[in-house]
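Got your viewer open and your selection tool ready? Let's walk through this one stop by stop.

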Amino acid sequence: MSVADALQYISYYHPPDYVRSLSQAYAREQSPSAKNAIGQILLNSRMAGFGRRPICQDTGLVVVFAKVGMGVRIKSAASFADLVNRGVRLAYLDPDNPLRPSIVSDPLGRRLNTRDNTPAVVHVELVPGNQIEITIAAKGGGSENKARFTTLNPTASVADWVVDTVSTLGSGWCPPGLISVGIGGSAEKAMLLAKEAMNEPIDMSELTARGPSSAEEALRIELYERINGLGIGAQGLGGLTTVVDVKVATYPTHAASKPVALIPQCAANRHLSFTLDGRGPVQLQPPDLSEWPQIGNEDLHTADVRRVNLNTLTKEETASWRCGETLLLSGKMLTARDAAHKRMVDLIDAGEPLPVNLRGRVIYYVGPVRAVRDEVVGPAGPTTSSRMDSFTEKMLAATGLFAMVGKAERSPAAIESIVRHKTPYLVAVGGAAYLISKSIKTARIVAFDDLGMEAIHEFEVQDMPVIMAVDVQGNSIHNSGPLEWRKRMAADTIARNIGV
């Protein structure tokens, strides 16, 4: 039960240290788009905590680090991993707060969903003592897909490689979050160092205030400043805060080697540590949500926000949308993710009709959590749009779509298709899934019911917040935003250095 309770807990409660750090980032942010995105994440966090529903629709791959005391006796014929998986199964199938199962079996073959999010990835270490210390995390696919590894020459700069690598990751990992770096050991050890270190408490403010006391701490500060100096910002929109902390863990390594692992942590930042001492399941106390910032929709939707009626949308209207502006969408839209896109493109290639008419419609890249109680739909945040890029040209050429909504940047080829077919691309905020679901007033499956959360839905939305990302001229905020803020921060640094 402790594993199940912990997974439920982290699905709707952010760690308070992350909320404090993100609140500080919100207060100092100067980029309007990034500030709006951070505000949505904070508002969503508070709503999810009160509603006890997932912060993000991607409720994650379960990763467990267990330190098992060598004096512990576990009264079970099942393996430790099997016991963990029982807890995962209970958590993800909880009828009061079902979590989205995202794990597929047979990764090389049919990739069938296991339906209960098992198996977890379990790491066990035997240590002295009579307790079991468990750190449990639910890692989203968008950030996990951005993990990177290299083996550097012993004299090469870790900081340069990390900064150069982060600059190529795009924003599909949903910043602002954390970057965790593992250095040393072997290839697999470096990755484990990075994965475990990202669950440590956020303490960058304290570290920068007191100064570093080790090479690892000096590297943390350097990376924190240089990564934020890239100007990537919240959701890749350009801004002051890309990371709220950087973690670094090291281990002795071969004299000829310098293995380095980099793993991003997304804005959901779901993790929790607890100790079992034989006296029963862990008792988890909810955080004090009164400490969460009091941000409301009125703080996010300023007078210059553009309201859009999807039911009367025209090509002329979509052509007037400009990068960076916030739109509030109302009316009917369709949803489709990877599997649905693949099926539709297969039908297009076969010359067969699609099960739903896409002409004049807006499509949202989303796989929602199952609804409970009086909900129309469960948390329904965007998925990473780049996975749809290989389908974009055929979809736009054959269907007459008017616009697409997703998360993060598009590839150059996808942007060429956007320009060719005059079909703009908008982004919803990753990490604001519960907030977004409250703007969805009706939902029904209209095609591919067997795909579960990947089925095509029709949503009727009211004032769903999105940010214009790629316009019909091909201007992309994921290119212009970080460039602008990188230049601004560089200019500010120069001005401070010369005393202006």
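Our way in is a helix pair: α2 and α3 cross with a left-handed sense. Keep in mind that this is a predicted model. Select residues 16-28 for α2 and residues 32-51 for α3, and look at how the two pack: the angle is about 150°, and the axes are 9 Å apart.

Next, show side chains where the helices touch. On the α2 side, pick Val19, Leu22, Ser23, Ala25, Tyr26 and Ala27; across from them in α3 you'll find Lys35, Ile38, Gly39, Ile41, Leu42 and Ser45. Colour that contact by class and you get eight nonpolar, three polar and one charged residues.

Now zoom out and select residues 2-274. An unreviewed UniProt entry gives this stretch the feature "domain: Fe-S hydro-lyase tartrate dehydratase alpha-type catalytic".

Then hop over to Cys266. Which cysteine has the sulfur closest to that of Cys266? Select Cys174: the two sulfurs are 6.1 Å apart, so they are too far from each other for a bond. Cys266 is buried too, with a relative accessibility of 9%.

How values were computed: Residues are numbered from 1 along each chain as its sequence is written. This is a predicted model: local features need pLDDT of at least 70, side-chain atom pairs count only at pLDDT 80 or more; totals for chains, interfaces and linings use all residues. Side-chain values use heavy atoms; hydrogens and water are left out. Axes are lines fitted to C-alpha atoms, for helices over the stretch in contact, and angles run from 0 to 180 degrees between N-to-C directions. Helices (H or I, at least four residues) and strands (E, at least two) are DSSP runs, numbered from the N terminus. A crossing is left-handed if the near helix is turned anticlockwise from the far one by less than a right angle, and right-handed if clockwise. Contact means heavy atoms within 4.5 Å. Ala, Val, Leu, Ile, Met, Phe, Trp, Tyr, Cys and Pro count as nonpolar, Asp, Glu, Lys and Arg as charged, and the others, Gly among them, as polar. UniProt positions are given in the numbering used here, feature names are shortened, and annotations may be inferred rather than shown by experiment. A disulfide is a pair of cysteine sulfur atoms within 2.5 Å. Buried means under 20% relative accessible area, exposed over 50%, partly exposed in between (1.4 Å probe, protein chains only).
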